[in-house]
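The entries follow the order in which I checked things.

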Amino acid sequence: MVRQRHFVAAILAALVLLGTAARAAAQSLSDGKPHDGVAAARAMPVQGIDVSYWQGDIDWSQAHNAGVRFAYIKATEGGDVVDPKFLQNWQNAKNAGVVRGAYHFIYWCRPADEQALWFMLNVPQDPDALPPVLDLEWNSASKTCPHHVARDVALAKIKIMLDAMQAHTGKQPIIYTDPVFYRDVLDGEFTDYHYWLRSVAAAPEAKYYRRSWAFWQFTTTGKVPGVAGRVDRNSFNGTEADWQRVLQWLEASR
């Protein structure tokens, strides 16, 4: 019993040290236009970023040393676009110790089965990866597909994509969305999925009624060592101990 108490005490001490180190490192992360409404996100112990080719070449070791614990990396869009930096970011993030996942940006004017196949052809089946993300938002600025589809059509496409992404990776996907798309399509739907929510001026609870969340994208103007220019910053909804359980789950899935 004494040995067991000592073991538990050692584990708790290690987690405290990890949390202290993470908070110290995260002080290197900042925001070009900080908003008071998302101050809580900046204080959360597990910080991350999401990136695409727009960020150029990333020094992932520098980002990791500054406090970036996880990253979501753009992989595919629609049925014929692969992010030019995807594989480079995918490998370099892993080499630097940043836990990463891939995301697919849905294109409403292409059949979902074609998009699902495109994702499967271009995203490695990596047991080290976080669950894949399906990025769901309207793209009114698109030159080729600016219009909205009907809600039932959108939901059908989403279901096809989620099922295919889970079959390919072996992990239930996470849904990323913004307040407008959530209001138009997702409110009350896919309640057994984890969500990654965009909210850059307030806590997610103020924008998404009754929706729990796993990740919070709280700014698009983040400043992170190793990344040139601005980058989206995110926080994980949990404690340091919760994050360690996520890492243990990934380790067990290898």
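**Terms and ground rules.** For helix packing I take axes as lines fitted to C-alpha atoms, for helices over the stretch in contact, with angles running from 0 to 180 degrees between N-to-C directions. Helices (H or I, at least four residues) and strands (E, at least two) are DSSP runs, numbered from the N terminus. I am working with a predicted model, in which local features need pLDDT of at least 70 and side-chain atom pairs count only at pLDDT 80 or more, while totals for chains, interfaces and linings use all residues. Residues are numbered from 1 along each chain as its sequence is written, and side-chain values use heavy atoms, with hydrogens and water left out.

**Entry 1, overview.** I noted 9 helices and 10 strands in the chain. Of its 254 residues, 49% are buried, where buried means under 20% relative accessible area, exposed over 50%, and partly exposed in between (1.4 Å probe, protein chains only). I then looked at contacts, meaning heavy atoms within 4.5 Å; among those between residues at least 6 apart in sequence, 67% join residues at least 24 apart.

**Entry 2, α6 against α7.** Two packed helices are described by the angle between their axes and the distance between the axes. For α6 and α7 I found axes that come within 9 Å and cross at roughly 100°, which makes α6 roughly perpendicular to α7. The cut-offs here are under 35 degrees for roughly parallel, over 145 for roughly antiparallel, 65 to 115 for roughly perpendicular, and oblique for the rest. On the α6 side the contact is made by Arg151, Ala154, Leu155 and Ile158, and on the α7 side by Phe181, Asp184, Val185 and Leu186. I sorted the residues of this contact into 6 nonpolar, no polar and 2 charged, counting Ala, Val, Leu, Ile, Met, Phe, Trp, Tyr, Cys and Pro as nonpolar, Asp, Glu, Lys and Arg as charged, and the others, Gly among them, as polar.

Helix α5 (residues 112-122) packs with helix α6 (residues 151-169) at an angle of about 25°, and their axes are 9 Å apart, which makes α5 roughly parallel to α6. The contact involves Ala112, Asp113, Gln115, Ala116, Phe119 and Met120 of α5, together with Lys157, Ile160, Met161, Ala164, Met165, His168 and Thr169 of α6. By residue class, the contact of α5 with α6 divides into 8 nonpolar, 3 polar and 2 charged. I also looked up Leu117, which lies in α5 and is partly exposed, with a relative accessible area of 46%; its C-alpha atom is separated by 9.2 Å from that of Met165, 48 residues away along the chain.

How far does α6 reach from its first C-alpha to its last? I read 27 Å for its 19 residues, close to the 27 Å expected at 1.5 Å a residue, the expected span being 1.5 Å times one less than the number of residues. The buried residues of α6 are Ala154, Leu155, Lys157, Ile158, Met161, Leu162, Ala164, Met165 and His168, and what covers them includes β5 (99-105), α5, β6 (133-136), β7 (174-177) and α7. After α6 comes Gly170, with a positive phi near 80°.

Not counting residues up to four places away in sequence, Thr177 touches Leu136, Tyr182, Leu186, Tyr195, Trp196, Leu197, Arg198 and Tyr208. From Thr177 to Glu137 the C-alpha to C-alpha distance is 5.8 Å, although the two are 40 residues apart in sequence.

Is Phe190 buried or exposed? Phe190, in the loop between α7 (179-186) and β8 (195-198), has phi near 50° and is buried, with a relative accessible area of 13%. Arg210, in the loop between α8 (204-207) and β9 (215-223), has a positive phi of about 65° but counts as exposed, at 64% relative accessibility.
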